[in-house]
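Dear colleague,

Please find the structure below, handed over for your records. My notes on two of its regions follow.

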Amino acid sequence: MARDVVTIRIIKNALDNIAREMFWSTVRTAKSSIIYETYDFAPALTNSQGDLISIGTGVPVFLGVMPIIAKAVMEDVDKFDLGLSPGDIFIINDPYRISTHLNDVALAMPIFHKDQIIAIATIRGHVNDVGGMNPGSWGPNATEVFQEGLIIPTSHFYRAGKLNNEVVRLILRNTRIPDYVYGDLEALAAALRYAYGRLNELCNKYGVDYVLHAMDDRLNDGRLLARNRLQELIKGEFFAEEKIEIYEGMDDDLRITARVIITDNKFLVDFSDNPAQVKAPINTTYAGIYTAVATAFTAITDPHVPLNQGFLEPVEVVCPEGTLFNALPPAPVSCYWETLFYAVDLIWKALAPHLPERFTAGHFLSVVSETLSMVDPRDGQYKILCEPNPGGWGAGIDKDGESCLVSAADGETYCHPVEVIEKEYPIRVECMRFNMEDGVGHGTFRGGFGMRKDYRVLADEANLVCSINRIKYAPWAVNGGEEGSCNHIVVLRDGQNIWDGGRASNFMLKKGDVVSIRSGGGAGWGSPLKRDPLLVLDDYKNGLITLDIAREKYGVIINPELLCIDWESTNKLRAER
């Protein structure tokens, strides 16, 4: 059938916009700040086979799993004879089916036009508590997934447009914050119903055949674009390795590796040479490792592409079952993100020296996430603050690293504004600035600064949980630059440091205690002695380095009274070095 090219283009743009509109619908209706401020969620639209058609802004590491959600739900509907009718919305959080961890609850809604399923709307978001032994449902002390919260197999959240009260009651009975959980789930469901209506409007306006053709055309666009972008990449085999610091349940630090193979039509990453899954919550599942590779591939080739399944077709992952990157039940996975982010970083590290125009040196990598749970004395409600925190990025071949930016795989998320934290939680934010104490990796171009953020507890008591990596092994440098600095959290009581580390489970805080979150600085690129002295002077003027750092690291002598460079002494010192 001859198609009107202009109409097809209009429909394709509308399909992209539907995913964006789902995103903003969720932001405007969610109850928890982890969604409406941090954006720890992602909506998507797939075709009836579960192939990604469009995705809304959100956490990048969700981009590869949205079609997995659609396919898993439809498989379960058929396998377990769950029944399917217009208005049905399904809920699932099983990490071994749809990746990540139990907090990331997914909803899926098959979209009917008359009697035909034409698409599936999916959405997943971080729900702040689904039970388990730690408030917030994650922490470094789990040894099996059953300790981490309620596992929800594919179930009806809505059946034929009517709320399934049995399932809802079961979920809410297993969370510490039922009002927040229910409010967030309804916000996610509302976005799906919005997509259902918008897609039916398109079918009524242009005809269902045109809409389905536009979906197929969108996939073909992605295939063509991916093929063209692959031609621009260097071809060959590349390798990187790193170490993950020991957790409870482990005997030693873990050596992890990735082998990247790029051809004219394939982007393959082999994770075969990696340790077995561990009795610590840093395992990730196959869906998780796939989305890590998909995230890296998208970032390398075209981070602004209207993403769809066609664009991801060149991505291939090799990863044996039962390993750290492809764990099987009952391995704990609640802190999966640290390992998943390392997978992205391994690809990054392997390719950075060969694609310097597309990559920076190593960055702080971790989400540097914490949960603070407490009873708010202002209203008597139990509340859980969960958030990612920004840190320092590595320098590029021609630029300094970005400061206070979220981790690469966390992408389009944000830290909480001070005003929201102090309004929603019994916390006073006493400091939010560059982490000057721990510094950055110096180089021809230096790394960016991490963040220091101090929270004073105003509740009678509070519970701290955190799980952070890069607490021992600093961000890696390139071409003679210096390594960055590590992440950590400090607890202060009566002005004294009572704890300094990266992993804590149910650490009880008293009223007046200060939790000081300190993310690391990025690594440098190139020798510090080759840095432009005028850039060193600018850093000194801006309070980013001291006179000693300028002299010792960069070989630059600055006159602090005249705020100028002593060129004669600088040239002499650099010549001696």
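Predicted model: local features only at pLDDT ≥ 70, side-chain atom pairs only at ≥ 80, totals over all residues.

Residues are numbered from 1 along each chain as its sequence is written, and side-chain values use heavy atoms, without hydrogens and water.

Helices (H or I, at least four residues) and strands (E, at least two) are DSSP runs, numbered from the N terminus. The axes of H5 (residues 165-172) and H6 (residues 178-206) come within 10 Å and cross at roughly 135 degrees; axes are lines fitted to C-alpha atoms, for helices over the stretch in contact, and angles run from 0 to 180 degrees between N-to-C directions.

In H5, Val168, Ile171 and Leu172 meet Pro178, Val181, Tyr182 and Leu185 of H6, contact meaning heavy atoms within 4.5 Å.

Elsewhere, four strands form an open sheet of mixed pairing, ordered S8-S9-S10-S11; two strands pair if DSSP finds at least two bridges between them. Its edge strands are S8 (236-244) and S11 (315-318), each pairing on one side only. S9 (residues 254-262) and S10 (residues 267-270) pair in the antiparallel sense over four bridges, and Ile261 stands opposite Leu268 in S10. Helix H8 (residues 286-301) packs on the sheet, touching S10 and S11, and its direction makes about 140 degrees with that of S11.

With kind regards
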